[in-house]
Amino acid sequence: MSVDVVIVGCGGHGREIVGIVRAVNEVTPVQRHWRLRGFVDDRPAESNLKQVQRLDVEYLGPVSWLRDAPAGTHVVLGVGDPRVRRDLGDRVDAYRLPGAVLVHPAATLGVGNTVGDGVVVFAGARVTTNVRLGRHVHLNQNCTVGHDSVLADYVSVNPLAAVSGNCVLEPGVLIGTTAAVLQGLRVGAGSVVGAGACVVRDVPAGLVVKGVPAR
Ligand SMILES: CC(C)(COP(=O)(O)OP(=O)(O)OC[C@H]1O[C@@H](n2cnc3c(N)ncnc32)[C@H](O)[C@@H]1OP(=O)(O)O)[C@@H](O)C(=O)NCCC(=O)NCCS
């Protein structure tokens, strides 16, 4: 029996997830297919609604649509920015719907990892071993996460970024595209590592760091 899934947020990031759902279905027995019910979004831009239509996916209504969603409906948060995703997640949690874990078949999740509710792994991402991914972590295209790292809830790792082994990324951290975090470092809650940065020492919570070395 297929399982219903709803994407919350129909901006670009949310619409990218449509491709992941379809790619997963292509390699999954039909009984375990995701049935993409559609998008919910409180203020969808006209341009996004047009793109949703082009993808042949339904716009269901505002986020509150989830209140009466059929039992067993899963949700995935379709927002890249960790702060916005966390706010959305707090709202959606009130509806007590499970999060869909979506791992693109062209990504590799190694052995001995733990994966939280609502995790999304885009094509080309690589996770090695003994990595903990918290709830609603998003690993974007072609990023890498090394052994024994912990990525807490709502962390985002953007395309081509490299998180080395034994790192700790606290809740809501954003690692910008092509950035590197060297081994064993901790990035504090809510901090943002700019695109292209190289993190060479721990980053306290709530900071924006950029450059090489990141400051
Ligand atoms: C670092 C970052 C968070 C800063 O955002 P911001 O505070 O809004 O920064 P601004 O755009 O106002 O720029 C402020 C200054 O930082 C510089 N700057 C911005 N991003 C930078 C980066 N990644 N590396 C180095 N310098 C950067 C700007 O040139 C500007 O310099 P100036 O004051 O000398 O003119 C943001 O630029 C960034 O890199 N975000 C990650 C984006 C990403 O990963 N996108 C991929 C999405 S899939």
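Trainee: In which strand does Val-115 lie?

Mentor: This is a predicted model, in which local features need pLDDT of at least 70 and side-chain atom pairs count only at pLDDT 80 or more, while totals for chains, interfaces and linings use all residues. Residues are numbered from 1 along each chain as its sequence is written, and side-chain values use heavy atoms, leaving out hydrogens and water. Strands (E, at least two residues) and helices (H or I, at least four) are DSSP runs numbered from the N terminus, and the run at residues 114–115, where Val-115 lies, is strand S7.

Trainee: Is Val-115 buried, partly exposed or exposed?

Mentor: Buried means under 20% relative accessible area, exposed means over 50%, and partly exposed is in between, with a 1.4 Å probe and protein chains only. The relative accessibility of Val-115 is 33%, so the residue counts as partly exposed.

Trainee: What is the order of the strands in the open sheet of four strands?

Mentor: Two strands pair if DSSP finds at least two bridges between them. Strand S1 (residues 3–8) runs parallel to S4 and is joined to S4 by four bridges, and six bridges join S1 to S2, again in parallel. With parallel pairing, the order is S3-S2-S1-S4.

Trainee: Which strands stand at the edges of that sheet, and what is the average twist from one strand to the next?

Mentor: Each edge strand has a single partner strand, so one of its sides is left without a neighbour in the sheet; these strands are S3 (59–61) and S4. From one strand to the next, the twist averages 35°.

Trainee: Which helix packs on the sheet and touches S1, S2 and S4?

Mentor: Contact here means heavy atoms within 4.5 Å, while axes are lines fitted to C-alpha atoms, for helices over the stretch in contact, with angles from 0 to 180 degrees between N-to-C directions. The helix that touches S1, strand S2 (34–40) and S4 has a direction making about 170° with that of S2, and this helix, at residues 12–26, is H1.

Trainee: What angle does the direction of helix H3 make with that of S4?

Mentor: Helix H3 (residues 82–93) also packs on the sheet, where it touches S1 and S4. Its direction makes with that of S4 an angle of about 160°.

Trainee: Which residue of S4 stands opposite Ile-7?

Mentor: In strand S4 (residues 74–77), His-74 and Val-76 point one way and Val-75 and Leu-77 the other way, and all are buried. S1 is mostly covered as well, with five of its six residues buried. While Val-5 has His-74 as its bridge partner in S4, the residue standing opposite Ile-7 is Val-76.

Trainee: What is the phi of Leu-160?

Mentor: Most residues other than glycine have a negative phi, and most peptide bonds are trans. Leu-160 is found in the loop between strand S14 (156–157) and strand S15 (162–163), and it is exposed, with a relative accessible area of 52%. Although Leu-160 is not a glycine, its phi is positive, at about 70°.

Trainee: Which residue does a cis peptide bond join to Val-212?

Mentor: The omega of this bond is about -10°.
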